[in-house]
Amino acid sequence: MSRRIAPEKFLRYQTLGVVATAVILVLLVALFLVWRTYTESRHRLDTLESESFGEREALLSIEMNSALEYLQFTLSRAEQVLQADARQQVDQAYAVAEALYTQAVDSGQPERAPQLITEALRNVRFFGGRGYLFIDDMDGNCVLLPTSPQLEGQSLLDNRDDSGHYIMRGIIESVDNPQRQGYSRYRWYAPDDQTRMREKITYARQFTPLNWIIGTGDYVYQIEEDLKQKVLGWLGERHFGGDGYFAVFDGSGRLLFSPFFPEDAGKSLDKIDPEYAQLVRSLLAEARPEGRFVEYDWYRPGGDAQERKLSLVQSVPRWNWVIVAGIYEARYQRLMQAQRNGLLRDLKSRLVALIPILSLVVLIAALVAFMLSSWLSRLFQGYQQNIAQQQQQLQDNAQRLEIAGRVFEAANEGMLVTDLNGVILSINPAFARITGFEPAEVLGHTPALLSSGRMSRAFYRQLWSTLLETGHWQGEVWNRRKSGEVYPEWLSITTVQDSQNRPTHYVAMFTDITQRKQDEERLRYLADYDPLTDLPNRRLLRDRAEQALAQSKRKGERLGMMFIDVDRFKTINDSLGHEAGDRLLQTLGIRLGKAVRESDTVSRIGGDEFVILLPDCGSPGDLAQLARRFNAVIADKIELDGHELVVTSSIGIAVCPEDGNDFVTLSRNADAALYHAKERGRNNFQFFTGEMSQRATERLQLESALHRALERGELELHYQPQYRLGDGRVTGLEALLRWRRPGQGIVAPSHFIPLAEETGQIVELGHWALASACTQVAAWNRDRDDKLSIAVNLSARQCRDELVERVQGVLNESGLAPELLVLEVTESSLMENPGQSARLLRRLREMGVRIAVDDFGTGYASLSYLKRFPLDKLKIDKSFTDGVPYDTDDVAITRAIIDIARNLNLETVAEGIETAEQERFLTQSGCYEGQGYLFARPLPVAEVEALLGLPHGPSR
């Protein structure tokens, strides 16, 4: 048989073959569509049934969660309800007492007022009959006690509850305030159980005409029981899903509420309908704190026949309740049957419509076959041209691959290529240099040979999930070198795809970040510890103090805090030099560390000041003995550079809870006691006393004056110039808030800025400073070709969403270009809420405003967080600038900050430059800008205009 065929026969055979193939394919497709339609219908029915069941479960879960949230919300208000009711009763009684006292005075018989008041209030009852009013005098003597009249006239000062709390003293303290009213919390015998004390809250007011205390209170648990009855009423009225309802039982099976037997509320299982009792027992057996779904048959309310029902049974251990949310399934079953009937009708209609469609497809296939054969004959002629073009493309691809290979070999980052199974196909020289493995040792293996064992399986599952989903992954991992050394690296993996977007290989690039991790650890250590003595610094001391305070409150123990200051330390520094002074502080830190318990904390918070935190410190006598011991430890002779020194110390002591219940108060009072010890001649210790509260009075006066300072025009801005290091050109100004208090001159910012922060007034002051600074600098820039930037400090309290609109409004009103405004934020304010801070800074950056981190290195922001923030500048804190170029630690930290800023494309600004040596070191290290007394102090407006050569006048 000849294998040759004429071209015209080839075209005919090809057409017949295509038509026959099309007919067969159409028939197969028809059979497939019939089968597919049937299976889809069945699957859809199954899905609908599953979704229907899931909807019922979801409905029950939503209703149950709603009930639990309402229950928890209602009971959480128990104390608020108690306090409000108690206050209402006392206020009414107070009004009665005032009226009766006024009546007695007006009638000329003021001596009758006490008897009139006590008799009027003696029989007053409330809180369902259990509430009553009591009256005591400010010396702790009982005046009126309706429940125990035999105690009237006796002193109650020594009455204590089972926690040791003095009840009457607590009530007196609650009204010892400017408002002469307040709440007191204690424990007393419950009316339904005289052997057990329960928590009670009392509200009292001081009736000043008779120096009385009028008050009342109630037990928290009784208010909670009242609120539980309110919740049961709410659940009884709650219906859902047409026929869904709640039932509630206690843990022993007692019926609290059921729509079937509302008259049986409060009865136990053996006293209700037996059939219903049997059902309840089975439901209680299924109750779990997380909830469990149960199916069973039960009567519909008002019906005689049982129906299928789905219920969610959930126990509430805190209140010893079991809540049942149930719904009948009949309505859902009717809906499912309607869906089945509809799907069957749809299947029949599809089959009927399929016949003419298939006939049309056969006709179209014949036409397409003829056109295809004609097209193929023309297509053959173009093959040769395509082959020539493909050969040229292959040559071009070979050239690109050669260039890529050179880049692969010369890259400083380690690189490897694997197939889709993770088998290594190629590595570059940097891979061998970083890991120590030669090509022959890794080719044909997987990257698992580099595993350090530190990364969990969950980490690798997440890595592969991200890589397969997005085609890319990057992050930090720990791997192992050939030598066994474990090291951190920054790894990036990319999926390589062919022309049809199908994955073919994986390419990984990594960089050894060991040095960067070491820098991070160093900065993290410096954030918590004093670099000179290796003792905890103020931030770490505060953390430990807050933990110790919480523990002391729980255990009812005393906590002591001692502020220790080395007497005349400046004399040692001036005579022997700062290095000798540093060694002295190191020696004293070591001595104090050896003299305390393991549970105590010795910290250095600056200068020559140490703080010792003493949990469970015992009695004041024990603290006095410790203070003498610390004085003696410090006074022991020390050899420094051939000199034998004997130094003394002053110690201030504050005790929790007597002298404060929080870190700030305790620190302030211990510091006050320290200054008192210095005033008493040094080399002694002093406990904090009430007389030292004079400082607190002065603080209140300062706070009151500060509230009026802005409206009285007492605040002003000074501006400290910022210079470009190297050429000395003024590049910008930092706005600094000053308070000129009438009769007292300039108030130091360190006195009123922390006060404004604490009271919240810093927000108003900060907005005023922002608007004033932008308006002033915009006016100055109108007279300059070289525009000045203005840096404005932001408080953490200002870093809220409304700041963006506030800044935009200030820029619009002042006309200052956004890029000339630099907003300075501290590390601590950024780290209060990193996510919110990042979003806020991005919105400000989108406006064109620049962002600077103030006092960088003194907070606790890690580099991993720092890179997330959109920043422009890092400001080096004066505490680091002071030590350069002589202090090795400050030199290392300052250079590390400048290097970090350079790698993150940020500018650096050094604060507190006071000497030419500091300026020279910072310039050589690559610092961009600087400010400090070497250049200029913060200046008022007139002096700034004189410095810049601008005409003097008001802001324009």
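Colleague: In which helix is Leu31 found?

Modeller: Leu31 is found in helix 1, which covers residues 7-76. Please keep in mind that the model is predicted.

Colleague: What makes Leu31 buried or exposed?

Modeller: The relative accessible area of Leu31 is 62%. Exposed means over 50%, so Leu31 is exposed.

Colleague: What kind of patch does Leu31 form on the surface, and with which residues?

Modeller: Leu31 forms a nonpolar patch with Ile24, Leu25 and Leu28. Together the four have about 420 Å² of accessible area.

Colleague: Why is Thr826 called partly exposed?

Modeller: Its relative accessibility is 25%. Buried means under 20% and exposed over 50%, so Thr826 counts as partly exposed. Thr826 has its place in strand 27 (residues 821-826).

Colleague: Let us turn to charged pairs. How many salt bridges does a search of the whole structure find?

Modeller: The search finds 37 salt bridges. Side chains of opposite charge can pair when their charged atoms come close.

Colleague: What makes Glu119 and Arg122 a salt bridge?

Modeller: The closest N and O atoms of Glu119 and Arg122 are 3.8 Å apart. The cut-off is within 4 Å, so the pair qualifies as a salt bridge. Both residues lie in helix 3 (residues 113-122), 3 residues apart, about one turn of the helix.

Colleague: Which parts of the chain does the pair of Lys482 and Glu441 link?

Modeller: Lys482 is in the loop between strand 13 (472-480) and strand 14 (486-497), whereas Glu441 is in helix 9 (residues 439-442), and the two are 41 residues apart. Their side chains meet in a salt bridge at 2.7 Å, N to O. Lys482 counts as partly exposed at 44% relative accessibility, and Glu441 is partly exposed at 31%.

Colleague: Which residues do salt bridges that share partners join into one network?

Modeller: The network is made up of Glu734, Glu824, Lys875 and Glu911.

Colleague: Why is strand 16 described as largely enclosed?

Modeller: In strand 16 (residues 559-566), 8 of the 8 residues are buried, so the rest of the structure largely encloses the strand. In a regular strand the side chains alternate between the two faces of the sheet. Here Leu559, Met561, Phe563 and Asp565 are buried on one side, and Gly560, Met562, Ile564 and Val566 are buried on the other.

Colleague: With which strands does strand 16 pair?

Modeller: Strand 16 pairs with strand 18 (residues 609-615) in the antiparallel sense over 7 bridges, and Asp565 stands opposite Glu609. Another 8 bridges join strand 16 to strand 21 (residues 649-656), also antiparallel, and Phe563 stands opposite Gly652.

Colleague: What makes strand 7 and strand 8 the edge strands of their sheet?

Modeller: The sheet is open, with 5 strands in the order 7-6-10-9-8 and antiparallel pairing. Strand 7 (255-257) and strand 8 (292-299) each pair on one side only. Neighbouring strands of this sheet are turned by 30° against each other on average, direction ignored.

Terms used:
Residues numbered from 1 in each chain as written. Predicted model: local features only at pLDDT ≥ 70, side-chain atom pairs only at ≥ 80, totals over all residues. Heavy atoms only, no water. Patch = residues over 30% accessible without salt bridge, like charges linked within 9 Å, V, L, I, M, F, W, Y side chains within 5 Å. Areas by Shrake-Rupley, 256 points an atom, 1.4 Å probe, with all protein chains shown as cover. Helix = DSSP H or I, 4+ residues; strand = E, 2+ residues; numbered from the N terminus. Buried < 20%, exposed > 50% of the residue type's maximum accessible area, 1.4 Å probe, protein only. Pairing = 2+ DSSP bridges. Axes fitted to C-alpha atoms, helices over the stretch in contact; angles between N-to-C directions.
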